[in-house]
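Please look at the sequence and the structure as they are shown.

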Amino acid sequence: MNGLLVDGVSVRFGDTVALDKVELEVEGGRVVALLGPSGCGKSTLLRVIAGLQEVDAGRVHFDGVDVTQVPTHKRGFGLMFQDGQLFAHLDVAGNVAYALARQKVPKQEQRKRVAELLDLVGLGGAEKRDVTTLSGGQQQRVALARSLAARPRLLLLDEPLSALDRDLRERLAEELRSILTTTGTTVVLVTHDHSEAEVIADSIVRMKAGRTLPAG
């Protein structure tokens with residue numbers, strides 16, 4: 001399969017079952033939202049896909065390859081969290097180029113990629129700005145640009161807009177959808193907001209009590 005396949009994944013924390021034989025498929029280039037209340041297992045599943053959480057049973061495949069035991073940094077996946085987690089000691093360009101610098105990408109190529117992405121997220125020319133002076137919405141745009149910089153095979157978004165106010169969330173949801181469509185990125189989005197999921201995602205998978213529910 002071209003894309004992500006989660007096959008029968010289970011995770012336990014002591015006596016608590018966090019994930020119970022979860023199945024999930026995401027075709028390449030598609031955006032799928034995991035929707036459900038807090039504590040239903042959405043973020044745990046995202047951590048499993050990212051390689052940040054070991055499984056007790058089941059497998060994770062990407063593009064037909066079993067990545068269950070592959071370390072996080074070797075999966076080629078990007079992550080973006082609700083608070084953005086920008087590096088305060090780096091300017092905007094430094095944040096966006098972080099993964100590229102670690103991969104020893106030439107400086108000229110880094111600058112070109114940073115400029116392309118800042119234009120894409122509506123922050124063209126902001127390379128030298130101090131990230132601590134940016135608004136919440138601007139910080140999330142920088143975080144998105146950073147997560148896209150290394151052209152991840154899969155982008156994992158964990159409540160990326162939940163820390164923002166309602167009006168800004170609605171506006172950025174539409175912009176995020178446009179950006180992901182433009183880049184053709186394969187995405188798993190975790191959210192508890194149904195309207196946000198409908199705007200951003202191609203399809204929605206509901207979760208309840210550690211399980212993915214049948215469509216419909």
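Which element gives the largest share of the lining of the largest cavity? The answer is α6, with 4 residues. Please keep in mind that this is a predicted model.

The structure holds 2 cavities of 30 Å³ or more. In the largest cavity there is about 100 Å³ of space. Its lining is made up of M80, V121, Q140, R141, L144, L161, L172, E175, L176 and I179. Sorted by class, the lining of the largest cavity comprises 7 nonpolar residues, 1 polar residue and 2 charged residues.

I turn next to the second largest cavity. Its volume is about 30 Å³. Around this space lie S43, L46, R47, A50, L79, F81, L156 and D158, which form its lining. Here the elements that give two or more residues are α1 (42-50) and β7 (154-158). Of the elements, α1 gives the most to the lining of the second largest cavity, with 4 residues.

How do the residues of this second lining divide by class, and how many fall in each? There are 5 nonpolar, 1 polar and 2 charged residues.

Thank you for your attention.

Notes
Residues are numbered from 1 along each chain as its sequence is written. This is a predicted model: local features need pLDDT of at least 70, side-chain atom pairs count only at pLDDT 80 or more; totals for chains, interfaces and linings use all residues. Side-chain values use heavy atoms; hydrogens and water are left out. On a 1 Å grid over the protein atoms alone, a cavity is a set of points where a 1.4 Å probe fits but cannot get out, and a pocket is an open set with protein on both sides within 12 Å along at least five of seven lines; lining residues have an atom within 4 Å of a point. Grid points are joined across faces, edges and corners, and a volume is the space filled by probe spheres set on the points. Ala, Val, Leu, Ile, Met, Phe, Trp, Tyr, Cys and Pro count as nonpolar, Asp, Glu, Lys and Arg as charged, and the others, Gly among them, as polar.
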